[in-house]
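Student: Can we walk through this one together? I'd like to start where the chains meet.

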Amino acid sequence: MAPWNPRTEGMPLDELRRLQFKLVKSLVYRLYSFNDFYRRRMKEQQVHPDDIRTLEDVAKLPFMYKSDLRDGYPDRIFSAEQNELVRYHVSSGTTGKPTVVGYTERDIENWSESLARAFSSCGLGRGDVMQVSYGYGLFTGGLGAHYGAERVGATVLPTSVGNTERQIELMQDLRVTAIACTPSYLLHMGEVAEKMGVSIKNDTDLRMGFLGAEPWSEQMRGRIEDWLGIRAYDIYGTSELSGPMFTECTEQQGIHIWGDLALVEIVDPATGEVLPTGEQGELTVTMLQKEALPMVRYRIGDLTAIEEGVCPCGRTHPRIGRIRGRVDDMLIVRGINVFPSQVEHALLEIPEVGRHFQIVVDRKGALDNMLVRVEVSEEAFSDKITELMVIKKVVEHRLRSSLNVSVDVELVEPGTLPRFEGKSKKVVDRRSL
Amino acid sequence: MEKSYIVKQISIFSENRPGRLAAIAGALRDAGINIFAFSIAEADGFGVVRALVDRPEDAHRTLTDLGFRVSFTDVIGVKMRDEPGGLSDIASILGDAGINIEYAYAYSGKDAAVLILRVDQAEDAVRQILGHGGELLKASLFR
């Protein structure tokens with residue numbers, strides 16, 4: 001699809017990196033001079049803006065964490081006065097205090113520009129009707145998608161969440177062509193529509209969805225695309241970055257992160273070391289043009305990798321892969337970082353077992369021992385012990401090759417493993433360290 | 001014809017921990033299902049409970065509804081003389097015919113002892129046993 005901002009989106013990589021360096025350099029000087037929080041952090045790290053001589057020198061800068069935002073509640077880290085702000089968003093404080101994000105006019109402008117590029121890379125534009133079924137209000141999803149869609153010339157239908165029957169009626173009556181919502185809400189809409197006798201595939205004009213704000217998988221994409229007859233695009237962002245900012249393009253080969261707005265690094269969650277392109281680790285973002293709430297090397301806590309090479313669409317900016325899980329869930333087993341999401345991902349590809357699992361880590365003598373408990377699927381259950389033992393071996397082998405650590409597998413009765421998300425039940429760590 | 005002697009055994013996946021057999025047996029009791037015979041095959045941390053019951057379909061549904069992993073397996077039930085040589089007779093017939101026994105278990109009832117067999121070619125086995133004057137449980141005993 002035609003780029004929204006052809007000069008920037010197709011900028012040669014070396015030129016983009018020079019631009020990024022200039023932006024980093026001026027950002028760091030500005031923060032060192034005017035932002036108490038960042039100056040203190042840089043001094044603690046014994047780094048001065050003069051030490052940033054190449055783009056790689058960004059690795060010398062201190063990290064910033066969610067806890068810094070909480071400690072700075074509500075606006076102690078802001079780099080703009082209240083009378084310069086045009087908006088606040090507030091993220092829900094599920095774990096501790098909420099965090100407040102302020103926006104200058106230019107912050108809102110860059111946010112809309114980012115999404116305008118993203119949406120148009122998927123073919124959204126004038127003539128489209130975009131239903132925004134993300135929540136409007138303190139949450140960034142609704143207003144973010146709203147401004148981005150208006151910017152590309154689409155007609156926005158701001159339904160927000162809830163009242164699903166009415167949403168489906170409006171989708172039909174106003175000939176909605178695109179939707180922005182969570183993948184689980186879209187699946188819910190599909191089910192409600194069927195109960196109303198409406199097939200989203202056959203009875204609506206819906207042709208694309210921008211789905212995010214919660215983890216989802218390639219399998220789920222396949223199901224949504226086949227069932228609803230749309231292209232489903234991954235959308236990414238967090239309130240700290242501004243809100244939803246980046247999406248895949250029609251190639252669906254990773255999320256384009258506009259390099260003039262954000263500098264992404266992938267770091268080892270345990271050591272903070274920058275990892276090479278292609279390796280999975282923690283997404284760390286420096287917002288290059290953000291004014292009100294600057295973010296430097298912010299450890300988002302999401303696991304992903306930077307995709308290698310340039311996207312076939314021709315946009316030169318770096319891409320990140322699908323989010324694979326949260327760093328908070330990381331376990332270190334025999335010195336190897338293991339993420340429950342890797343186990344989940346591996347199990348999805350083994351039809352003989354269900355998708356639910358539980359990890360039990362124990363210490364036998366001096367060695368860590370990792371046990372993964374899985375349920376045998378209905379189709380694979382055999383009366384023959386030998387066949388069940390083969391399933392166990394297959395799962396052990398697959399997990400070992402994807403985690404790089406040997407794993408014992410235990411087959412358990414269906415329905416006995418924890419169903420809900422969350423580390424507390426999916427991982428049992430019995431090691432007394 | 002041979003098919004009328006092929007009996008549906010239910011096989012239930014079970015973890016190897018206290019109370020699992022009680023849970024299965026209790027569920028069948030509550031559903032009023034009678035167990036003719038059963039065995040437990042055990043492996044590393046889990047096992048398979050195999051049972052011959054009077055109402056296999058009901059047993060399958062009852063246990064599945066309770067969340068158990070259950071499947072049907074075709075077996076045959078061969079009546080044996082309940083005296084020395086009874087088992088030997090049956091085993092020899094199958095051995096001579098080249099039919100392999102995957103697993104077996106037995107019970108000694110009021111009328112006769114019965115050997116329950118899981119074999120690779122069930123219909124051949126039925127033919128051989130009937131051909132040598134043996135007697136088999138009819139599938140119609142089980143609804």
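**Chain contact, sheet and helices**

Tutor: Chain B puts 15 residues into the contact and chain A puts in 13 residues. Two residues are in contact if their C-beta atoms, placed from the backbone, lie within 7 Å. This is a predicted model, in which local features need pLDDT of at least 70 and side-chain atom pairs count only at pLDDT 80 or more, while totals for chains, interfaces and linings use all residues. Residues are numbered from 1 along each chain as its sequence is written, and chains are lettered from A and ligands numbered from 1 in the order in which they are written.

Student: Which strands of chain B each supply at least two residues of the side that touches chain A?

Tutor: β1 (7-15), β3 (46-53) and β4 (70-80) of chain B. β1(B) gives the most, with four residues. Strands (E, at least two residues) and helices (H or I, at least four) are DSSP runs, numbered from the N terminus.

Student: How do the residues on that side of chain B divide?

Tutor: Six are nonpolar, six polar and three charged. Here Ala, Val, Leu, Ile, Met, Phe, Trp, Tyr, Cys and Pro count as nonpolar, Asp, Glu, Lys and Arg as charged, and the others, Gly among them, as polar.

Student: Staying with chain B, how many helices and strands are there?

Tutor: Four helices and seven strands. From the N terminus on, the order is β-α-β-β-α-β-α-β-β-α-β.

Student: What box do its C-alpha atoms fill?

Tutor: Roughly 45 × 35 × 25 Å, along the principal axes for chain B.

Student: Over to chain A. What is the strand order in the open sheet?

Tutor: β19-β18-β17-β20, four strands of chain A with mixed pairing. β19 (408-412) and β20 (427-429) of chain A are at the edges with a single partner each, so one side of each has no neighbour in the sheet. Neighbouring strands are turned by 20° against each other on average, direction ignored.

Student: How many bridges join β17 to β20 there?

Tutor: Three, and β17(A), residues 353-364, runs parallel to β20(A). A:Ile359 is opposite A:Val427 in β20(A).

Student: Which strands does helix α11 lie across?

Tutor: β17, β18 (367-376) and β20 of chain A. α11(A), residues 340-348, runs at about 140° to β17(A). Axes are lines fitted to C-alpha atoms, for helices over the stretch in contact, and angles run from 0 to 180 degrees between N-to-C directions. Helix α12 (residues 385-403) of chain A also packs on the sheet, touching β17, β18 and β19 of chain A.

Student: Last one. At what angle do α7 and α8 of chain A cross?

Tutor: Roughly 80°, with the axes of α7(A), residues 164-173, and α8(A), residues 183-195, coming within 10 Å. That makes α7(A) roughly perpendicular to α8(A). Angles under 35 degrees count as roughly parallel, over 145 as roughly antiparallel, 65 to 115 as roughly perpendicular and the rest as oblique.

How values were computed: Two strands pair if DSSP finds at least two bridges between them.
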